[in-house]
Amino acid sequence: MSKREEIEKKTEELITPIIEKHDFELVDTEYIKEGSNWYLRVYIDKPGGININDCEVVSREFSEIVDEVDYIREAYILEVSSPGLLRPLKKEKDFKRSLGKEVEIHTYKAINKEKEFYGILTSYDNDSVTILTEDGDEGTFKKEEISLIRLAFHF
């Protein structure tokens, strides 16, 4: 397990009781370097959506715990926010919630000269995702081929 994965896992472990106490959902955590800064990002949600006060409550409570446990060596910026409408599907619960809904899939490499696919999510497992396209065709993609999968929104 990489350092990044260890920090993300420890973050999930420490923040989950705070999230559950407030009846929120932990959508994702990421520890990432952008430019010269490290960011620890925590994405939370709840029915009806997250607001700034929700983020502030979680950030404040989590900051106290992080200061005590002190498991991150580098200086970093903590961000607690909503995942937004265009959040990627990453966890099993994301896929389960999205069954029967339209998704967009972006692949790393072109498949039949295309890298972007839209369709209704009909099934998934640990290794693959299957969609039903508007034309009635079924497409199955290996998760390792997918660079991004999220609910489709047409603006």
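Entry 1: two helices. I looked up where helix α1 touches helix α2, and found K10, T11, L14, I15, I18, I19 and K21 of α1 meeting V58, E61, F62, I65 and V69 of α2. Contact here means heavy atoms within 4.5 Å. I sorted the residues of this contact into eight nonpolar, one polar and three charged. For that sorting, Ala, Val, Leu, Ile, Met, Phe, Trp, Tyr, Cys and Pro count as nonpolar, Asp, Glu, Lys and Arg as charged, and the others, Gly among them, as polar.

I note that this is a predicted model, in which local features need pLDDT of at least 70 and side-chain atom pairs count only at pLDDT 80 or more, while totals for chains, interfaces and linings use all residues. Residues are numbered from 1 along each chain as its sequence is written, and side-chain values use heavy atoms, with hydrogens and water left out.

Entry 2: the angle. I then looked up how α1 (residues 3-21) and α2 (residues 52-69) pack: the angle is about 140° and the axes are 10 Å apart. Axes are lines fitted to C-alpha atoms, for helices over the stretch in contact, and angles run from 0 to 180 degrees between N-to-C directions. Helices (H or I, at least four residues) and strands (E, at least two) are DSSP runs, numbered from the N terminus. The angle makes α1 oblique to α2; under 35 degrees counts as roughly parallel, over 145 as roughly antiparallel, 65 to 115 as roughly perpendicular and the rest as oblique.

Entry 3: salt bridges. How many salt bridges does a search of the whole structure find? I noted 16. A salt bridge is a side-chain nitrogen of Lys or Arg within 4 Å of a carboxyl oxygen of Asp or Glu. One of them joins the side chains of K21 and E61, at 2.9 Å from N to O. K21 belongs to helix α1 and E61 to helix α2, so this pair ties together parts that are 40 residues apart in sequence. I list K21 as exposed, because its relative accessibility is 55%. Buried means under 20% relative accessible area, exposed over 50%, and partly exposed in between (1.4 Å probe, protein chains only).

I looked at E79 and R41 next, a salt bridge with its closest N and O atoms 2.6 Å apart. E79 is in strand β3 (residues 76-81) and R41 in strand β2 (residues 37-45), so the pair ties together parts 38 residues apart in sequence. E79 is partly exposed at 29% relative accessibility, and R41 is buried at 10%.

A further salt bridge has the side chains of E104 and R150 at 3.5 Å, N to O. E104 lies in strand β4 (residues 102-111) and R150 in strand β8 (residues 146-151), distant parts of the chain 46 residues apart. E104 is buried, with a relative accessible area of 6%. I also found E25, K93, D94 and R97 joined into one network by salt bridges that share partners.

Entry 4: phi angles. Most residues other than glycine have a negative phi. I looked up D23, which is not a glycine and has a positive phi of about 60°. D23 sits in the loop between α1 and β1 (25-34), and counts as exposed at 63% relative accessibility. D70, also a residue other than glycine, has a positive phi near 50°. D70 is in the loop between α2 and β3 and is exposed, with a relative accessible area of 56%.
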